[in-house]
Amino acid sequence: MSDEVLLRATDVVKSFPIRGGKLGTKKVATAVNGVSLDIFKGETLGIVGESGCGKSTLARCLVQLMPVTSGTVSFKGEVLTGRSRRQLRDTRRDMQLVFQDPYASLNPRRTVGDIVADPMRINKMGTDAVINARVADLFKTVGLDPSYVQRYPHEFSGGQRQRVGIARALSLNPSLVVADEPVSALDVSVQAQVLNLMSDLQDEFGLTYLFIAHDLGVVRHVSDRVGVMYLGQLVELADADALYDEPLHPYTNALLSAVPQLNDGTEVPRERIVLSGDVPDPADRPSGCPFNPRCPSATDQCRTEVPVLLEIRPKRFVACHHPLTF
Amino acid sequence: MSTNEHAAPVLELTDLSVSFSTRQGLIRAVDGLSLSVGRGEVHGIVGESGSGKSVAMYSLLGLTRDANASITGSVRFEGREILGSGDKAMQPIRGGEIGMIFQDPMTALTPVYTVGWQIVEQIRQHTDLTKAQAKARAIELLGEVGIPDAKRRVDSYPHEFSGGMRQRVVIAMAMSCNPKLLIADEPTTALDVTTQAQILDLMSRLRDVHNSSIVIITHDMGVIAEMADRVTVMYAGRPIEAGPELDVVRHPRHPYTWGLLGAVPRIGERSERLATIAGNVMSPLDVPVGCAFAPRCAYVMDECAARPPWSDGDHRSACWLSDTQRVALRRKES
């Protein structure tokens, strides 16, 4: 990991219009609400949060699969937001995605060889022979037998399909790979294989990962830094070890305490904090801090003033009026 | 753990096997599962997809409605044999004496009736309460599982609840007739961790209050560690290890259990590499005659061509490794 910023997001907001309660009224659901972050070259930035917290929407906004409502995203020093599709084409090659569902993200009517070759064909990366040789190479890289190129996705297991998805993402030599829940559909033994593969590929090709997942154990395992999202906002961002060992935001603390632990004597037991209630509706956000209705240490200030993400200690960012102390 | 666990078990499975004849051949979905669940005890069944854990539970309830299925063995509930009893005999048991919690709370509830209607229907099926009494009981139950403003919410439809709240409704329904046994099939898999914590907390509380026994099926070793008193690990339809939860988690005996525990990324520590189990979960058509795990096992030996017997004692496993070999291998690994 270096100090070179690969991707910078500044105050990114994404909202979706939704049908209001009364006829003719318009409401908006704000899925991402003012997120600013940097992704450094060569690092893995993990984003965790519960369903509906806006982590996937954020990822889509960062790679310009979705236009942002406001804010800017820049990649390698160039501003991407506001560019046309044509202007984005060259940049897109450099940012690739791995999706959650290896069943839905591969075209069932094309062979896996074609699926991996297509990005290279579209970008005219060479003759058929060159591309086919590279497909065979990529298959070996991700641990698949190159003789499988003529097979169809349904002939593979979930873990193997995810390897095909990873090979496709690598085919254009991207610098940034955005992985949105890449292992959540896999069984635990297969999940470990795919996580190990992703970390080998990072070392081999110097990749930068934005890794999105809801599983806190998986995120800690892969990430150098971790951001925690709640209701569209980044509530905490820090080095993975610091964040897991000493969470500063009460939500991070509650989230970590909720993970069932194997008490095999290797882990320090955490005191369970059971949060009451549910995540609020993003179309009907509470005033002040988004977490205040469920926060055990909420005060009047939390109910009125929105906390901003501040660097309260070196490399530790937290958006809370009353961060925890250790 | 309850004090009277050595009393007659609430549920006792002996050599339960479920197989399906398909065009491709015979699939042994469950192959020789035996376990016994004491009163107030939580028994965890853990395994990856296709290990037969759900099929085993559906079959014992008589919910496997497939003309090509053949179910053998014995299932004793409260001392009575229930395997093979017809629907008429099973109806008072299902939903009455045995409550069920399913994985997906959206499909477990019918979207066209209010949740109150659904709970009332179940209560009236199993008791002689009047409609009004049953409704009052439904409100009481919804309150008990932590649904705020239960009096008003009883008339809501399933889609008006969040995932966690819906799962609470399903639990309220499962608890409605004070079942002696609760079968929970992946009850928290569809939920977020903070909601999962709420639901697990609730299930433990209900166990403490009503002294119900629980069979919890899951793929998550963390949930097992949190909830279970005893655990059975399944692989390819066969039980491969069983014993008290702490023994299995701290001193796993079967190489599959080692792999399963090593593959879980922990929140408390960061290891450089996760332990993996080579290969993929096999197709149920290709399960070998010998040890089912042999094709993926790093320590496979000649003996593994024959099916390993179940070892004796409280913490049992089905593996040909001797205790000395096992200790040596474990030491070498760590």
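Student: In this predicted model, is B:Lys135 buried, partly exposed or exposed?

Tutor: The model is a predicted one, and the class of a residue follows from its relative accessible area, with buried meaning under 20% and exposed meaning over 50%. For B:Lys135 the relative accessible area is 32%. Because that value falls in between those two limits, B:Lys135 is partly exposed.

Student: Which side chain meets that of B:Lys135 in a salt bridge, and how many residues apart in sequence are the parts that the pair ties together?

Tutor: The partner is B:Asp155, with 3.2 Å from N to O. B:Lys135 lies in helix α5 (residues 131-144) of chain B, whereas B:Asp155 lies in the loop between α6 (150-153) and α7 of chain B, so the parts that the pair ties together are separated in sequence by 20 residues.

Student: Which residues of chain B are joined into one network by salt bridges that share partners?

Tutor: One of the salt bridges of chain B is that of B:Glu78 with B:Lys180, whose closest N and O atoms are 3.7 Å apart. This pair links distant parts of the chain, 102 residues apart, with B:Glu78 in the loop between β4 (69-77) and β5 (80-81) and B:Lys180 in the loop between α7 (163-175) and β7. Through shared partners, the network consists of B:Arg39, B:Glu78, B:Arg80, B:Glu97 and B:Lys180.

Student: Are B:Lys53 and B:Glu186, whose side chains meet in a salt bridge, buried or exposed?

Tutor: Their side chains meet at 3.9 Å, N to O, and the pair links distant parts of the chain, with B:Lys53 in helix α1 (residues 53-60) and B:Glu186 in the loop between β7 (181-185) and α8 (193-210), 133 residues apart. As for accessibility, both B:Lys53 and B:Glu186 are buried.

Student: Which helix gives the most to the side of chain A that touches chain B?

Tutor: The contact takes 45 residues from chain A and 43 residues from chain B, and about 3,800 Å² is buried between the two chains, 51% of it on carbon and sulfur atoms. Two salt bridges are counted between the chains, and A:Arg272 and B:Glu226 meet in a salt bridge at 2.5 Å, N to O. On the side of chain A that touches chain B, at least two residues each come from α6 (188-205), α7 (216-222), α8 (240-245) and α9 (250-258) of chain A. The element that gives the most, with 10 residues, is α6(A).

Note on methods. Residues numbered from 1 in each chain as written. Chains lettered and ligands numbered in written order. Predicted model: local features only at pLDDT ≥ 70, side-chain atom pairs only at ≥ 80, totals over all residues. Heavy atoms only, no water. Contact = heavy atoms within 4.5 Å. Buried area = accessible area lost by both parts, 1.4 Å probe. Salt bridge = Lys/Arg side-chain N within 4 Å of Asp/Glu carboxyl O. Helix = DSSP H or I, 4+ residues; strand = E, 2+ residues; numbered from the N terminus. Buried < 20%, exposed > 50% of the residue type's maximum accessible area, 1.4 Å probe, protein only.
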